[in-house]
Amino acid sequence: MNAAAKNREPKQNIFNSKRVRARVLQNIWRNRYIYLMVIPVIIYFVLLKYMPMWFLRSAFYDYKLLKGFDSKFVGLKWFERLFTNPNLMTYIGNTLKLNFAALVLLFPAPLVFALALKELRSKRFMKTVQTISYLPHFVSTVVLVSMISTICSPDYGTLAKIAKMLGTKPISFMTIPEYFVPVSVVSGFWQSVGWESVIFYSTLMGIDQVLYEAAKIDGANRWQQILHVSLPGVANTFVLLLIMHVGQMLNVNFEKVYLMQNNLNLSASEMLPTFTYKTGMESHNYGYATAAGLFNSVVSVALVYIANAISRKVGETSLF
Amino acid sequence: MMAQTTMKKRRKNGDFIRRSTGDKIADAILNVTMFLMLCFILYPLLNMFSISLSNEYAVLRADVTFYPIGFNPQAYDLIFKSQDLWRSFGNSIFVAAAGCVLSLIGLCIAAYPLAFGHFYGKRFYSLFILFTMWFNGGIIPQFLTIRELGLYNTHWALILNVLLSAYNIVIVRSYFQSIPLEIVESAHIDGANDFLILFKLIIPLSKPVLATVAMWIIVGHWNDYLNPLMFLSDRENYTLQMILKELVLNAESSIHNISMTGTKQTSGAVALGQQTRNAVLVVAMVPMLIVFPFVQRYFVSGVMLGSVKG
């Protein structure tokens with residue numbers, strides 16, 4: 001907001017005199033249409049965004065759908081059960097394993113892809129590659145997982161075919177826990193590399209051409225130009241996005257994990273969000289599920305804040 | 001890696017007009033790499049499409065790769081008769097269309113007071129919205145809320161659950177703020193009320209941001225699986241992704257079992273299953289492919305909008 005708008009904002013002790021009160025009422029009357037816009041939005045937010053927060057209470061109840069909050073109050077029972085759950089560490093470990101692999105292997109990929117795009121000489125080829133690389137972003141998780149299971153199928157999948165050609169036994173990627181993370185990461189690469197390169201690509205395009213000219217005059221070849229002009233130019237964006245990813249270490253793409261899960265790979269694919277979903281929606285233990293979900297989001301929020309604090313310390317960039 | 005080039009030689013002949021051998025090799029390697037990348041990205045999509053159109057034995061032998069072998073559109077015949085699929089298709093279109101229109105109207109109404117209003121309670125209003133950007137109840141409380149509101153097993157649950165998000169409001173508000181304030185003020189002086197200003201002046205000026213947000217909402221609704229899974233219980237109401245999951249992924253294990261027994265007849269059935277499943281996926285992707293060229297020019301602006309949030 002600019003300074004003029006600030007001046008018009010109400011002063012502190014407004015209800016001092018009749019005149020001021022009249023002015024307040026006048027202001028409210030003048031803004032009646034604004035209030036007419038604000039009120040439905042507030043109602044929406046109360047009903048659909050704040051009511052779920054109110055329902056977080058169910059973590060302290062043995063919540064039954066029919067009884068609502070007349071259900072038995074159980075205090076910290078569900079949290080106790082969660083923290084004594086021998087699998088809790090496995091769930092968190094699985095999440096961290098998946099996200100760490102994604103961070104190390106996937107995070108730099110869009111940057112490399114954007115750099116490569118920029119170096120392509122044929123602009124038409126560049127545009128084609130770029131446009132097609134966006135496509136997977138629009139593929140739904142259900143379709144993505146179906147594709148994975150088709151290609152990875154040990155009977156009729158392409159990978160099985162390649163294995164046969166090489167004379168090895170086809171591997172059933174979807175049912176062996178050890179392959180859960182690699183399959184997720186490769187499919188994640190396929191789906192997101194093009195889309196996530198957009199931000200790097202537009203940052204690269206925003207670098208002043210003069211810098212490249214200067215580098216050329218100083219005798220820098222293309223490789224050196226990338227190293228000394230392009231990379232420093234995207235460094236800030238890179239760090240900012242990196243922090244965001246680190247902060248989201250405990251968030252998982254629920255749909256993908258849930259759909260890729262089966263009884264055989266459960267030891268690698270069960271994570272807190274899927275556990276939460278199953279406890280609530282499949283076993284109908286809403287109280288326990290809410291407690292697990294609450295725990296997950298508390299740790300997530302803490303991670304985001306820690307990541308942000310570190311970034312504020314280390315560099316000038318921070319998210320908020 | 002880029003080979004070291006002899007810069008002297010290149011500059012003597014003018015910039016980049018005659019490229020050195022090293023540079024040419026580097027370009028060639030880059031082009032080949034990017035071409036392979038292109039194949040990698042296209043392969044799963046082409047493979048899906050090809051399998052849906054192939055002869056069953058070619059599918060079983062996993063011969064089908066980039067193009068159909070032994071053209072056989074039977075699978076499409078089969079799924080065009082499937083009532084489930086078309087009904088869910090209709091449901092998804094309804095949810096995406098209604099959700100998109102309502103969200104856009106809602107977002108504009110929510111963002112207008114933030115951008116142009118000077119009213120008591122503005123700071124509260126702004127915090128009230130922003131708070132939900134950092135904190136939310138999570139999926140189970142969301143489910144309980146939807147039940148409490150009586151929206152369970154209706155399409156309104158899907159639409160209302162994501163109608164307004166703090167993130168989208170902030171993005172629309174930022175765009176509104178880039179519109180000169182004088183426009184709004186002079187309209188006020190001319191006696192227009194805020195609704196009139198919003199719908200006649202501001203919205204027509206905000207087409208780029210609204211198009212970008214509309215794209216996000218439509219794609220989000222079309223591809224959503226978690227919300228329908230939680231909020232819908234009747235098959236009648238299922239959206240496309242739910243039916244897809246049922247037709248394609250649930251079938252996986254049973255088909256797998258059949259193929260193990262391996263008699264000739266069942267293996268024919270298995271192959272057709274494969275084709276049908278892939279045909280279903282192709283049909284499900286068609287709307288996205290139609291939308292794709294139109295929304296493409298908003299990609300970059302969308303990402304930029306996302307990066308200036310807050």
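**A loop in chain B**

Select B:Asn153, which lies in the loop between α7 (139-148) and α8 (155-161) of chain B; helices here are DSSP runs of H or I with at least four residues, strands are runs of E with at least two, and both are numbered from the N terminus. Residue numbers start from 1 along each chain as its sequence is written, while chains are lettered from A and ligands numbered from 1 in the order in which they are written. The model is predicted: local features need pLDDT of at least 70 and side-chain atom pairs count only at pLDDT 80 or more, while totals for chains, interfaces and linings use all residues.

B:Asn153 has a positive phi of about 65° although it is not a glycine. Most residues other than glycine have a negative phi. Is B:Asn153 exposed, partly exposed or buried? B:Asn153 counts as partly exposed, with 15 C-beta neighbours inside 10 Å. A residue is buried if 20 or more other C-beta atoms lie within 10 Å of its own, exposed if 12 or fewer, and partly exposed in between, with C-beta atoms placed from the backbone.

**A loop in chain A**

Now go to A:His284, in the loop between α15 (272-282) and α16 (286-314) of chain A. A:His284 is not a glycine, yet it has a positive phi of about 60°. A:His284 is exposed, with 12 other C-beta atoms within 10 Å.

**The domains**

Colour chain A by domain: domain 1 is 79-100 + 249-320, and domain 2 is 108-206. Domain bounds come from an automatic or database domain assignment. The centres of these two domains of chain A, taken over C-alpha atoms, are separated by 25 Å. Twelve residues of domain 1 of chain A are in contact with ten residues of domain 2 of chain A; contact means that the C-beta atoms of two residues, placed from the backbone, lie within 7 Å. On the domain 1 side, α13(A) gives the most, with four residues.

In chain B, select domain 1 (7-52) and domain 2 (79-240 + 286-307). Their C-alpha centres lie 40 Å apart.

**One helix of chain A**

Select helix α6 (residues 109-119) of chain A, where the buried residues are A:Pro110, A:Leu111, A:Phe113, A:Ala114 and A:Leu117. Seen down the axis of α6(A), these fall within an arc of 160°, so they line one face of the helix. The arc is that of the directions from the helix axis to the C-beta atoms. What covers them includes α7 (123-134), α10 (180-205) and α12 (222-247) of chain A.

**Between the chains**

Show both chains: 83 residues of chain B are in contact with 79 residues of chain A. Helix α2 (residues 21-52) of chain B gives the most to the chain B side, with 14 residues.

**The cores**

A nonpolar core is a set of buried Ala, Val, Leu, Ile, Met, Phe, Trp, Tyr and Cys residues joined through C-beta atoms within 7 Å. The largest has 115 residues, and those with the most contacts inside it include A:Val143, B:Ala111 and B:Leu281. Helix α5 (residues 83-116) of chain B gives the most to this core, with twelve residues. Select B:Ala111: leaving aside neighbours within four places in sequence, B:Ala111 is in contact with B:Ile169, B:Val172, B:Arg173 and B:Phe176. Apart from this core lies another, of 13 residues, among them A:Leu111, A:Val193, A:Tyr201 and A:Leu204.
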